[in-house]
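Please look over the sequence and the structure shown here before reading on.

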Amino acid sequence: MNRTLAGLVSADAAETYERFFVPALFRQWTAPLLDAARVDSDTARLLDVACGTGVLARAAAERLGTARGIVGVDPNDGMLAVARRMAPGIDWRAGRAEALPCEDASFDAVLCQFGLMFFEDRVGGLEQMMRVLRPGGRLAVAVWGALDGAPGYAELVRLLERACGTRAADALRAPFSLGDAGELGSLARRAGIVDARIETRAGVARFASIADWIRTDVRGWSYSALVDDDQLAALVDEAQRTMGRFVTVDGSVAFDAPAHVLGATRH
């Protein structure tokens, strides 16, 4: 998988991701993931896999009242640089989900928020997450639902295809590649997860304006280098002309963005 489809971003894109994507998309999912993993005062050790800039690990530290015992792993140096700046007390580690730099049976909870879609070996990544869970520990994994269930992104993919070509459009399709909950369940079974439960939950993407949305999506994601400044200006202009149905009465943008949440226990 190339860097664009794998979701690997530059240092500048990681800063944009934290500043704009986290409040627009990711922060709303931290509580559901922590609940799915049953994170509470008895959780001594927690691992956030494909942690990005660390929004989920930070939420775990806030819930637990301490960063002690929380580990975040990500292959992207730019993401980890932001994570370390935002929460220096958390143990941030460079690494791939398919080869987690963690000991066997060392965590009470293992979580992965919107990372599984980008693994080179999805089954292997799930097997690794179960390996580092202690018996009785909880796994929680979130992936985006189908692209057609997120109408704003479905329309943006079509716009990117027309204006910037297939590579950019495919990079935006990639986060939705596990939109079929049945495929997620199949991956879990192949990884030896026998009691996985999958729940599809509603979510909403929110941006301050159409211009904010398009700029964030382009400059905060892996296909930024495929879109020059003139193309970005043209994208913003066309989106403002054609995507008005996603604008709310206060001028902000909001549209559905559901996700599948998988929960399981290591026996």
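## The second largest pocket

The residues that line the second largest pocket divide into 6 nonpolar, 1 polar and 7 charged, where Ala, Val, Leu, Ile, Met, Phe, Trp, Tyr, Cys and Pro count as nonpolar, Asp, Glu, Lys and Arg as charged, and the others, Gly among them, as polar. This is a predicted model, in which local features need pLDDT of at least 70 and side-chain atom pairs count only at pLDDT 80 or more, while totals for chains, interfaces and linings use all residues. Residues are numbered from 1 along each chain as its sequence is written, and side-chain values use heavy atoms, with hydrogens and water left out.

The second largest pocket holds about 250 Å³ of space, and of its 14 lining residues the closest to its centre are A36, R138, R197, E199 and G263. At least two lining residues come from each of α2 (30-36), β6 (197-201) and β9 (259-265). A pocket here is an open set of points on a 1 Å grid over the protein atoms alone, where a 1.4 Å probe fits, with protein on both sides within 12 Å along at least five of seven lines, and lining residues have an atom within 4 Å of a point. Grid points are joined across faces, edges and corners, and the volume is the space filled by probe spheres set on the points. Helices (H or I, at least four residues) and strands (E, at least two) are DSSP runs numbered from the N terminus.

In soluble globular proteins, nonpolar side chains tend to be buried together. The largest nonpolar core in this model has 102 residues, and those with the most contacts inside it are L47, V49, M129, W144, Y153, W213 and I214. Such a core is a set of buried Ala, Val, Leu, Ile, Met, Phe, Trp, Tyr and Cys residues joined through side-chain atoms within 4.5 Å; buried means under 20% relative accessible area, exposed over 50%, and partly exposed in between (1.4 Å probe, protein chains only). Leaving aside neighbours within four places in sequence, Y153 is in contact (heavy atoms within 4.5 Å) with F21, L25, L147, L172, F176, F207, W213, D217 and F255.

Helix α9 (residues 210-219) is largely enclosed by the rest of the structure, because 7 of its 10 residues are buried. These are I210, A211, W213, I214, T216, D217 and V218, and what covers them includes α1 (11-26), α6 (151-164), α7 (166-173), β7 (204-207), α10 (229-242) and β8 (253-256).

## Cysteines

A search of the whole structure finds 0 disulfides, a disulfide being a pair of cysteine sulfur atoms within 2.5 Å. For C51, the closest cysteine sulfur is in C112, at 9.8 Å, which is too far for a bond. C51 is buried, with a relative accessible area of 7%, and C164 is also buried, at 17%.

## Single residues

G54, in the loop between β1 (46-49) and α3 (55-64), is buried with a relative accessible area of 0%. Beyond its neighbours within four places in sequence, G54 is in contact with A83 and W92, and its C-alpha atom is separated by 8.1 Å from that of M79, which is 25 residues apart along the chain.

Two residues other than glycine have a positive phi: for R38 the value is near 55°, and for A105 near 50°.
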